[in-house]
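Biologist: I would like to learn how to read strands, helices and cavities in a model. Please take me through an example.

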Amino acid sequence: MSPSNCWPNSHRALSKLLIPIVAAALCCASGSLFAQVSNSPAEHVIEVSLTPASGQIEIIDQVRITGRENYAFRLAPWLDIESVTLDDRQLKVERLGDHQYVVALPDSKSHVIGFVLRGVVPVRGTQQVTTLSSSSGSDGVYLPGYDAWIPLDEAGLIRYRMLVKVAAGERAVASGKLISEQTTNKQYQATFEVTHPGEAPSLFAGPYRVTERLSQGLRLRTYFHAEIAGLADDYLAAADGYIRRYQESIGEYPYADFHIVSAPLPVGLGFPNLTYVGRQVIPLPFMRTRSLAHEVLHNWWGNGVTVDYSSGNWAEGLTTYMADYALARDKGEAEARSMRVKWLRDFAALPAQRDQPLRDFRSKQHQASQVIGYNKLAFVFHMLTNEIGQPAFADGLQRFWSKHVYGQAAWADLQAAFERTAGRDLDWFFRQWLQRSGAPRLSLGAHSVEQVAGGYRTRIEILQPVTGYRFKLPVLLATADADQRQEIMISDTLTRVEFVTPAKPRYIHLDPDSDVFRRLQRDETPPILRDVTLNPSAITVIASTDTGFVEVARNLAVGLMDVEPRFEALTALQNADQPILFITTSNNLAQQLTQLGLEQLPELPDIAHSAAAWTARRANGAPVLVVTAENALELRSLLRPLPHYGGQSYVLFTAGRALSRGLWPLGRGTLYRDLQDSL
Ligand SMILES: [Zn+2]
């Protein structure tokens, strides 16, 4: 798999939803590291000497190749090939293209190609360094496997044993099992090994304090910077708890170690048997209580079983469902429901042209793909659980795990596992939810209530204008003395249902707990920030004459919008129906808003604040996101936090700290009908 398939080109800083892992192992190999099998994966014996602060690196890599006529590889542009040998004889490599090389082999027997490589890992803060590329600095070195800092075999999977040396004050950690380590006055060195064919090693080093916890035969460690080292025990206890939880529900943890490594970068990344998390993020409560669970679970979904990307990425949605959503459900049904409603609101904010079928989701490149590949997909797993029942769902996952651990799996494999445990065909389910974009729409048609022998008969029509969806729809009929709940199978555009109840009906509510993935109607969706930020036709208006404020506002728009912002003057927008991002100073706000036709201002919580973001709708229905700040400095303090509140209707800030946030109250919506006066 090529890394570009699995990694975002751009990654938003301090992402709360962490992004996935690149590949892992393909088959369950056993025996010696260097068993000579025809066409076997390349086997590397690597020695790395590294100085994190300067980025100086020297790599000696002995690569055993078996069953091939040549060895084609890629190498990071900042590395120089100092020498190459083939079976101990000097050799010249042939350059194929940009940082692509090939070594011709005399035959397909087993050969060892020896590399000596030297270079400087790009220093953070310089131009060629992006968040996800290799980087160095006094606070740590980041060398992700996909960046080809050892010869990266484009054929894919490798095995390795790697010795890493750093100065005594530093620590190094890599994906793979920690085999041994040694500290002397001058040096720290550690050896890592991967015997199941997997992805190239990812290596991390820096001025880390290491804390260890041994549990159930596993070695759990934190590699934290000094200022957060005090959080290590809480993190290790939490990781231990998550690993136990997923072992119980899925199957044995597939590695020997799990490490949590503090990153100088604002990221949250998963690699086999470790997670790399921004040092500023680690102290935030959501990281340990939620995001860590998500990262731990990626050791099963995404690494233990890798994704066959040709049919789409099933791992993010499944991880979101079993980690983020399951933790919400632990707190009670109300929390779980509010997460589902949030996902539906986010989907309602997604313009049709940015929607895509779940099968087409590969990785999170922007917020729009998160709404699909994480949220909608997690919702689909919720519906699958309701469709086949919790026991069949749980058994299906265990079956899927035991069949595909250390291998790669596609959607069809998941479907097969669930069909087996449910004992029936689920093709219709996977087809309708994976291959189509969009979602069902629901509304109520005509209804009648009449008195009959034994009580009251209520008839009602359920309309589904989008054809071809089939799902179970929960219906609640409330009467004077009891509530009746039923599940109705919806498959046609018109479904007529009838209830007979002893007591007089009060109201009927379709999908009262939001268990069906559907497109919410306008009156069910109070505007949220994403109604504006996800929309490519949105227009940004900056209403200020202060040049300093305008400059910060332009930067804020770039960070906030999920698409390139379009700037316009307010005067051009009197009747515009595009969404508007409106950024202004707090002082003459009322007058400005009148020009937008927003005389009726929403009621914000009565809390003193110096900056705010809130949403409203113009008379023509177009959503407006208003961002106000007392001055340029307060506005600047929103640059980092505000993009994380896309699912809210309002947020109040002082000095960049969110004081209050929330959603405008919901109408009961079109799926609720009062029946009291219907007789
Ligand atoms: Zn993830």
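This is a predicted model: local features need pLDDT of at least 70, side-chain atom pairs count only at pLDDT 80 or more; totals for chains, interfaces and linings use all residues.

Biologist: What is the order of the strands in the open sheet of 5 strands?

Modeller: Terms come before the case. Helices (H or I, at least four residues) and strands (E, at least two) are DSSP runs, numbered from the N terminus. Two strands pair if DSSP finds at least two bridges between them. Here the order is 16-17-18-20-19, with mixed pairing. Strand 16 (209–215) and strand 19 (268–271) are the edges, each pairing on one side only. Neighbouring strands of this sheet are turned by 15° against each other on average, direction ignored.

Biologist: Over how many bridges do strand 16 and strand 17 pair?

Modeller: They pair over 7 bridges, in the antiparallel sense, and strand 17 spans residues 218–224. R213 has L220 of strand 17 as its bridge partner.

Biologist: Which strands does helix 2 lie across?

Modeller: Contact means heavy atoms within 4.5 Å. Axes are lines fitted to C-alpha atoms, for helices over the stretch in contact, and angles run from 0 to 180 degrees between N-to-C directions. Helix 2 (residues 232–249) lies across strand 16, strand 17 and strand 18 (257–263). It runs at about 145° to strand 17.

Biologist: Is strand 14 mostly covered or mostly open?

Modeller: Buried means under 20% relative accessible area, exposed over 50%, partly exposed in between (1.4 Å probe, protein chains only). Strand 14 (residues 187–198) is mostly covered, with 10 of its 12 residues buried. Strand 11 (residues 158–167) pairs with strand 14 in the antiparallel sense over 9 bridges, and I158 stands opposite G198. Strand 13 (residues 177–183) also pairs with strand 14 in the antiparallel sense, over 6 bridges. There S180 stands opposite T191. A hairpin of 3 residues joins strand 13 to strand 14.

Biologist: Which residues lie nearest the centre of the largest cavity?

Modeller: On a 1 Å grid over the protein atoms alone, a cavity is a set of points where a 1.4 Å probe fits but cannot get out; lining residues have an atom within 4 Å of a point. The largest cavity is lined by 14 residues, with M383, N386, E387, F471 and K472 nearest its centre. Helix 9 (427–434) is one of the elements giving two or more residues to this lining. Helix 9 gives the most, with 4 residues.

Definitions and conventions: Residues are numbered from 1 along each chain as its sequence is written. Side-chain values use heavy atoms; hydrogens and water are left out. On a 1 Å grid over the protein atoms alone, a cavity is a set of points where a 1.4 Å probe fits but cannot get out, and a pocket is an open set with protein on both sides within 12 Å along at least five of seven lines; lining residues have an atom within 4 Å of a point.
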